[in-house]
Structure formats: structure tokens, C-alpha cells
Amino acid sequence: MGQDQRTFVIVGGGLAGAKAAETLRDKGFGGRLVVFAAEPHFPYERPPLSKTYLSGDDTLEQLYARPPHWYVDNDVELLLASPATGLDLDAHTVSSGSDTIGFDKLLVATGSSPRRLPLADDSGTPVAYLRTIEDSRRIRERLRPECRLVVVGGGWIGLEVAAAARTFGSAVTVVEPLQQPLLRVLGPELASVFAELHTGHGVDLRTGASVVGIDGDGNRAQVYLDDGAVLPADLVLVAIGALPDTELAETAGVKTDDGIVVDQHLQTSARDVFAAGDVANAYHAHLGHHLRVEHWDNAVGQGTTAALNMLGADISYSRMPYFYTDQYDLGMEYVGHVGPDGYDDVVIRGDVHRRVFSAFWLRGSTVLAGMHVNDSDAMAAIRRIVAAPRVDVTTLTDPRVPLDSLASGAPVEG
């Protein structure tokens, strides 16, 4: 057999792109493999940016998806600080600056960017967002006992940074327009756990409040809320969500709608072009609708699946969404997806007050999602229960019945 003359290109130097490159080489792809990475760093994992890297427990090298020598050893042309600027679907080429490379297969894994808050950006005050290594470093440099941090947004990133800031002794206020942090994700039954966790660690939690103005100078800010409160701040962290980076694909004519639209095989509307990770709005065969997921596990799974399908496989991506968080002494893992239709009931097993429990969101006899708090041994059983077509609700609610015995025949994802 002759040498493989094909060229596969990956646009995006994040975890999805790194996992795709790894999978292609592991599965024997012997052609040219080029990765365009917008950042100057080797591909790395982002969750530690708001957790262990922010706290100083992890080094930069511990974030890398693969050690730097792996790209040389596996003949991967990793073009750092080289964001792709042009995509020609007809010519099958990708360009970055003066470089243009033809491709046989292309994976777009451009990720997402923090949603901006113009009144913060225009204020001339110290404002931060968290997406990159540099962002995490800048925030960490400010987290001192004398720092007053105002976090705009009570989602995962905002709460994780708030927890890290409190461990540094900083004064922290979190402003969340909903009545509880994480309300849309967890519902009122479990969102209260995180509200109490943070207030118990000294966070000033302002729920049902919105920021209407920010002013000050380059060193300090005054944050104005719609209830008339004025919050002094040495740093304002804006953590109000993320937007998929679709410009490259959209300009080229690839179909987009809250991300790059792909089918269950992660194939886009364009021939030979795939998408994975934060940017992909993928049809989920198990859930029966499109879904865009901005979590570490999704980048790993979709990067791997897209690579296999680029090689000619016919694999549907059906892994259930998964995410985790670490805040103070609380560790949580969540799997599943409630969706826009909501849930009928929440079953909680364990001790919520001691923060050692598992929880399940149900619609009828179907478990839509499950999570544990500080009970990692339960995760395998939770995955099986969520994967099962239905469960006996009476048994699920009975704490005398071990979780391991429920849905014991259901498959479990790795």
C-alpha cells in the first residue's frame, strides 16, 4: 500500500482538536495532519482555569492535553498563534495569514468565547473574563485578602472563581438576576445547595438583581445594581455565558444556528467538513434534538467521534452530557439533560444538609439527569440509571434500595 497522500486539517487548538488529532494518529491515519491553534500555547484543558490552575495547585504543564513532544513524535503540524482566517469550501482550503493549506477532511473545533457585557467593557474599570490561560493568570494575580471581587453571573464559572477567591481571602459578591444561582440548570430544589454553600463561606450573594452601571477608574470600580445598591470592586469578573465561535464557518457558507449545525455523525452541511466541541450544535440521537454543550467531557467525546468519522466510520455521537464542579469542599458530577420541557419531580437520596447525596430529575418514569454531591462512588450507578429507558420510581425513592441494584442491566458510558 502506498503512502497516504491525504491531508486532514483541524481548526482549533483546544481539547476537541487535540483529541481528534490523537485519535487520528492512534487509529493509523498516516497522511498529513495540520492543526491551526489560535493561542500560543499547546492544546490544554480549560476546567482547571477556574479551579486548580486558578488556585495555584496545577502548573501549566499539567493542563496540556498531550505533552509538547507528542506533536513532534506523531508528525502533527501544530501551528500555534495561527488562527484560521479563511475557509474556501469549493477549493477545500483553509488559510491563516499568508498560509493556505488544502484539505481532504476538515474538523472545525473553534470553541466559544465569553459573552461580553458592554457596560463593563466601556467602563474603564478593572474587568475580567475567563477563557484562556492569560485570563486565569490575570485573575489570580488580583486575588488577595485586600481584593474586593464582584462576580456578574452565578453560573459554574462565576461560582468556581468565587470559591477560589474566598480561599485567597478576597471579599466576594456574586450578582445573579435569577432568584438562585444555577437555577436554570438544577432547579430550585438543588440550586439552594449552592446558594447556601457560598453564603456559608462568606460570599455576599445578591440574587434577583442586575447590574445597570459600572464606573470608576483603572484601579477600582463602582457597580450599580437595579435595586439601588452600589458595590465597590477592585475587580469585576463577567461570567454571563459563552457564544460559539462560528465566524469562520458562517462566512464560508456552512449552516449555523447557535453554533455550527451538525448531524449525529458531527458532519456539517458542507462536504468533508466536521465540527466538534463547544462550537458544534449536534443532533443527539438519544435525546432526539440538537444540543450544544460547553463542557470538557463533550470536547473529548466529540473530538474522538469526529476523528473516527473523518476516517470513514459511521458512528453516532450519543454520549449523555456530563459536567463536574469543585467548590470549597464540595465535589459534584452531573450526567444527563433535562431540556426545555422541564421535569416533573426531583428524587434526592442522602443527606443534603451534610452535602453527601445523589439526585435525579424525572419526567414520568424516565430519569432525565442525575448527579451526586461528594459521593463519587455513586457515579457509575447514576450513569446506568440515566441511560435506562425507565425506572421504577418507587424503588428509586426508597433509600433502602442500593443505587447499584437499579438499572443494573443498562449500559454505562466510560
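The following dialogue goes through some terms applied to this predicted model.

Student: What makes lysine 51 count as buried?

Tutor: Its relative accessibility is 13%. Buried means under 20% relative accessible area, so lysine 51 counts as buried.

Student: Where does lysine 51 lie, and which residues does it touch?

Tutor: Lysine 51 is in the loop between strand E2 (32-36) and helix H2 (52-55). Leaving out residues up to four places away in sequence, lysine 51 touches Glu160, Tyr324, Thr325 and Asp326.

Student: Why are H6 and H7 called roughly parallel?

Tutor: Helix H6 (residues 156-167) and helix H7 (residues 183-200) pack at an angle of about 15°. Angles under 35 degrees count as roughly parallel, and therefore H6 and H7 are given that name. Their axes are 12 Å apart, and the crossing is left-handed.

Student: Which residues make the contact between H6 and H7?

Tutor: H6 contributes Trp156, Leu159, Ala162 and Ala163, while H7 contributes Val185, Leu186, Phe194 and His198. By class, that contact has 7 nonpolar, 1 polar and no charged residues.

Student: What else is in contact with phenylalanine 194?

Tutor: Setting aside neighbours within four places in sequence, the contacts of phenylalanine 194 include Leu182, Thr325, Gln327, Leu330 and Met332. Phe194 is also one of the residues with the most contacts inside the largest nonpolar core, which has 48 residues. Apart from that core lies another, of 45 residues, with Ala21, Phe29, Val35 and Ala270 among them.

Student: How do helix H1 and helix H9 cross?

Tutor: The axes of H1 (residues 15-26) and H9 (residues 296-310) come within 7 Å and cross at roughly 35°. The crossing is right-handed. Residues of H1 in this contact include Leu15, Ala16 and Lys19, and those of H9 include Trp296, Ala299 and Val300. The contact has 9 nonpolar, 3 polar and 1 charged residues.

Student: What makes the phi of histidine 92 worth a remark?

Tutor: Most residues other than glycine have a negative phi. Histidine 92 has a phi near 55°, a positive value in a residue other than glycine. Histidine 92 is in the loop between strand E4 (86-88) and strand E5 (93-96).

Student: Where is aspartate 272, and what is its phi?

Tutor: Aspartate 272 is in the loop between strand E18 (260-262) and strand E19 (273-275). Its phi is positive, about 70°, although aspartate 272 is not a glycine.

Student: How do you know that histidine 92 and aspartate 272 are buried?

Tutor: The relative accessible area is 10% for histidine 92 and 14% for aspartate 272. The cut-off for buried is under 20%, so histidine 92 is buried, and so is aspartate 272.

Terms used:
Residues numbered from 1 in each chain as written. Predicted model: local features only at pLDDT ≥ 70, side-chain atom pairs only at ≥ 80, totals over all residues. Heavy atoms only, no water. Core = buried A, V, L, I, M, F, W, Y, C linked by side-chain atoms within 4.5 Å. Buried < 20%, exposed > 50% of the residue type's maximum accessible area, 1.4 Å probe, protein only. Contact = heavy atoms within 4.5 Å. Axes fitted to C-alpha atoms, helices over the stretch in contact; angles between N-to-C directions. Helix = DSSP H or I, 4+ residues; strand = E, 2+ residues; numbered from the N terminus. Parallel < 35°, antiparallel > 145°, perpendicular 65-115°, else oblique. Left-handed = near helix turned anticlockwise from the far one by under 90°. Nonpolar A, V, L, I, M, F, W, Y, C, P; charged D, E, K, R; others polar.
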